[in-house]
Amino acid sequence: MIVNTDKCTGCGTCVQDCPVGAIRLKKKKASIDGTCTQCKACSRVCPEEAIRPEDIAQLEGLQCDACPIQCRIKDGLIGACQRYRHENGRLVRITPLHAFRQVADTVGPEPAETLRQPLITGIGAGTTYPDCKPAPFIVRGRRYNVDVVTVVTEAPLSYSGIMVKIDTDIQIGEEGAPVLVGKRQVGMVATEQYGSKMLSIGGVNQLTGKNGMVAARTIVDIANRKAVKLRIEGGSRLELQVGRAPVINGETPANMRVGCGSATMGLFAPLLKEAADEVVVLDSHLTGLMSEHAAGRFAGAKPSGVKLKFRQSTPGRYFGDHGVGWGGTSITRPQDIVAGVDLAVARPGMRILVTETTGNHGALFEIKPTGKLREVPLTEACRRALAAIKESCEPSLVSALYMGGAGGSARAGVTRYPIQLTRAVHRGQAVLTVGGAPVFILPGGGINFMVDVQRVKANFFYWTPTPATICPIEYTMELADYEAMGGHLAAMQPFDALEPLFGGAECREHRV
């Protein structure tokens, strides 16, 4: 690749997006070294169009045909997707082929059914391109006296993304708000789930848009359990790593909420009734008021005359709002949730406990003869109630579901009749797995799947500058079904013949 230094402004976008780290800024200009693979990622992201390819006649190295990028890889170096290395005139897949036994601990136990586990995984399998070629490995074995076939590949998927689950009630941003890496959008804040904020990263529209490279890299980094830094437009700064607690605006929440305010009331009403005459459990979705709530009344709570600022949903359940206060609401001073006290019902000296759904915060107030509130120290009964809520909360963690669409041309590497494969997957005659891990197949047409990335061995998702993400895919079915769907029988080989290809338990890492 050649840099026009007159056009280059030194913005650094090419440095960030080069898959092999071949670009540096020198004297505020891009400089490309000899590790370049001619993947052209830099020329496509350069806002000034200051980078162009070299003359093909001057290119060195072997041309890789594993994907449409067709890198030129010099001896001793690796390609843009970081899977293939040039070794003495041959392109070699860096990671050895994996048997299921090598990823079984990561995947976790599953019922020992004939088709539930693949004979081998797609990890280390490589890719055949174009897709009309048979898949890299089509393997025949025998289980429970049944002949079984597993077909594996590392599939480049433009229809792919990752759904990130952040266990916290802390407000991170408005739903639909852009999720940014630096100044570039890679996704959006999605619909919240129970006790968790959700981010949608990638997807085909992001991958085929102007920020496709950084979107692909972000998907893969999250799937590979690496730490990433994100920013919500108009919201929080996030540091996320699957399997660990999130960092939100520099702070790490200890736990997720036990439930909404109403659920907290339902779980702990007897303890809360012992703690105070009235209890308010703040929550951004449903805030609970004990004296009106069914669980509170069941526990013996009496009308208190306390009125809340939030809009009522049903008795004892109030629609919250969103903010940086207690329970993810806008309430930063707990007494501010009380809009007023009806002294015809309330009595001076009544006590109101205000808390939220993690039990991390609590404040106790006493009603004065004027109806105003006076804060008093928490009692031992209050502390017991808060401790019970807190101890029932799960740790605040980040998790993620990789989502992909495998219903495209990659099916041609499995069978001559791709619609038969799609139908077999939905009928359960062919079981799709990712790196040996079970997936959820979305209903309807196509082969759209979701997989928990913590059940896939780490560091075996990749990206290529098409841009697309790459994941290890396996289809396992009975031999008779494979024959009936027009499988590539001539490319089939026995499992035992592949034993020399399986690498050791510890695989070498060659990643930038």
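Leu364 stands opposite Val376, a residue of strand 26. Strand 26 runs antiparallel to strand 25 (residues 362–367), and four bridges join the two. Strands here are DSSP runs of E with at least two residues, and helices are runs of H or I with at least four, both numbered from the N terminus. Two strands pair if DSSP finds at least two bridges between them.

Please note that this is a predicted model, in which local features need pLDDT of at least 70 and side-chain atom pairs count only at pLDDT 80 or more, while totals for chains, interfaces and linings use all residues. Residues are numbered from 1 along each chain as its sequence is written, and side-chain values use heavy atoms, with hydrogens and water left out.

Seven strands form an open sheet in the order 21-22-19-18-24-25-26, with mixed pairing. Strand 21 (311–314) and strand 26 (373–376) each have a single partner strand, so one side of each is left without a neighbour in the sheet.

Which strands does helix 6 touch? Helix 6 (residues 261–275) packs on the sheet, in contact (heavy atoms within 4.5 Å) with strand 18 (278–282), strand 19 (286–289), strand 22 (317–319) and strand 24 (351–356).

Finally, consider Asp221, in helix 5 (residues 212–223).

Definitions and conventions: Axes fitted to C-alpha atoms, helices over the stretch in contact; angles between N-to-C directions.
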